[in-house]
Amino acid sequence: MRLFATLGPGDIVAAQRKELSGARFVQGASQTHSGQLYRYCGLKGISALFVSYSPNADSLDTPWVRFVNLPRRWNDAGGWRFHCGRILYAIKLARMARAFRADLALIDSGTAHYFALAVFRLLNVPIAVNFHNVRWPQGFGPRGRMGAVVRALDSWFFRRVAVAAMGCSPECGEQARADGASGLPYFGWCAQYDPDGFTPDAVDPVRVPFRVLFSGRVEREKGVFDLIEIAARLRKQCRIPVRIDVCGNGRALEELRAAVAAGGYGECISFHGHLQRAELLEAYKRAHAIIVPTRSGFCEGMPLVCAEAVLSGRPVVTSRISNVLPVIGAAVAEAQPDDPPSYVSAIRRLAEDGRHYEALQSACASVARQFLEPERGYTAAVDRLMAVVCRGSQGDSGPSSG
């Protein structure tokens, strides 16, 4: 068996060199897909070629896997250059897979336009897709004429070309099978963590002030500017003082800092920048709840921070855009997309209603188990996918396929 796989934007060459050097797994971190797939191929005797679109062009050969960082042309361009860059990249990848004599190509979402991946079939390489992100935000279909055209072309790909799909949330499966692709085999998976990486601490029953943590990329589409309105309303409406801690870096960080300072919300919103893993785990312990206010312009898959929240024993405040409700819904205080007042209502109830908070907090342990069970993880889904592709069966429901 020869597997060709793309693995997103990360520097997989540097990551694998670090792993081969004997570097210890970071406590509390999720297991990288490149590392998991590398070990899986070794156990199964599979020769593989792994490719990322990291801008750091590099390569590494190991006994059974070759790792390649292959930058995309026009990666950050807009307009026609963006679309041409994705199409050309699909062609380049297909030629690599053909030269490698791959029996299967497993392509991560976001690598190229799905319809462009049809070139793999032209070169007689069966192709499957691994979804880290959905095709469109849940409840907000593609917008405009170009969005409709791309959706139609991509849906044709899933109906006629793809042999299977896998993904991180039930919504990924729903959208892979949309527009007539109901027969597409789909396999769900959950991010996996070291069982010793999290030690959920009891929450102080006083919970004053009530601490809400945002952890992730500080980008506009992640809803970070909604935090200002949320903080302002909570200051006026909530009986319990609420503090929002922002952990992470991003393009919008300085603009957000300036807006918080200009509005006089420094006492409500604190910035901690990028934290090392141990520091982030401590931040989870200090928090009473985690907020994920992703807006409807971003195609979230299922944020890792939601898994880490329940592993830490902390409820999550988010909307359906994060796609976590079918996965950890018992520990979620649901808000509405793009609606700061609804986030305020959800946080107020957590802060002011002790029974409600304790019900969601106590649910964390049960919904967190799936993130500690290898049989529900990424390589388990790969194994089921490959078995079904070889047998020509219909697939299974999987742990996150709904």
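Reader: Which strands does helix α9 lie across?
Author: Helix α9, residues 277-286, lies across β9, β10 and β12, and runs at about 145° to β9. Helices (H or I, at least four residues) and strands (E, at least two) are DSSP runs, numbered from the N terminus. Angles run from 0 to 180 degrees between N-to-C directions, with axes fitted to C-alpha atoms, for helices over the stretch in contact.

Reader: Thanks! Where do these coordinates come from?
Author: This is a predicted model, where local features need pLDDT of at least 70 and side-chain atom pairs count only at pLDDT 80 or more, while totals for chains, interfaces and linings use all residues. Residues are numbered from 1 along each chain as its sequence is written, and side-chain values use heavy atoms, with hydrogens and water left out.

Reader: Back to the strands. What order do the six strands of the open sheet follow?
Author: The order is β11-β10-β9-β12-β13-β14, with parallel pairing. Two strands pair if DSSP finds at least two bridges between them. At the edges are β11 (269-273) and β14 (332-334), each pairing on one side only. From one strand to the next, the twist averages 25°.

Reader: How many bridges link β12 and β13?
Author: Three bridges, in the parallel sense, between β12 (residues 289-292) and β13 (residues 316-318). Ile291 has Val317 in β13 as its bridge partner.

Reader: And which strands does α7 touch?
Author: Helix α7 (residues 226-237) packs on the sheet and touches β9, β10, β11 and β12. Its direction makes about 165° with that of β10. Contact here means heavy atoms within 4.5 Å.

Reader: New topic: how many aromatic pairs are there?
Author: A search of the whole structure finds twelve. In one of them, the ring centres of Trp74 and Trp80 are 5.7 Å apart and the planes stand at 70°, so this pair is edge-to-face. Rings of Phe, Tyr and Trp (its six-membered ring) pair if their centres lie within 6.5 Å; planes under 30 degrees apart count as stacked, over 60 as edge-to-face and the rest as tilted.

Reader: What about Tyr193 and Phe198?
Author: That pair is edge-to-face too, at 5.6 Å centre to centre with 75° between the planes. Tyr193 is buried at 2% relative accessibility, and Phe198 is buried at 10%. Buried means under 20% relative accessible area, exposed over 50%, partly exposed in between (1.4 Å probe, protein chains only). Trp74 is partly exposed, at 25%.

Reader: Which residues make up the aromatic cluster with Tyr38?
Author: Tyr38, Phe50, Trp64 and Phe67 form one cluster. Tyr38 is also among the buried residues of α2, including Leu37 and Cys41.

Reader: What do the buried residues of α2 pack against?
Author: They pack against several elements, among them β1 (2-6), α1 (12-20) and β4. Helix α2 (residues 33-44) is followed by Gly45, whose phi is positive, near 70°.

Reader: You mentioned β4. In which sense does β4 pair with β3?
Author: Antiparallel, over four bridges, with β3 at residues 58-61 and β4 at residues 65-69. A hairpin joins β3 to β4 through three residues, and Asp61 has Arg66 in β4 as its bridge partner.

Reader: Last one: is Pro9 buried or exposed?
Author: Pro9 is exposed, at 53% relative accessibility. Pro9 sits in the loop between β1 and α1. Leaving aside neighbours within four places in sequence, Pro9 is in contact with Tyr53 and Ser54.

Methods:
Expected span 1.5 Å × (residues − 1).
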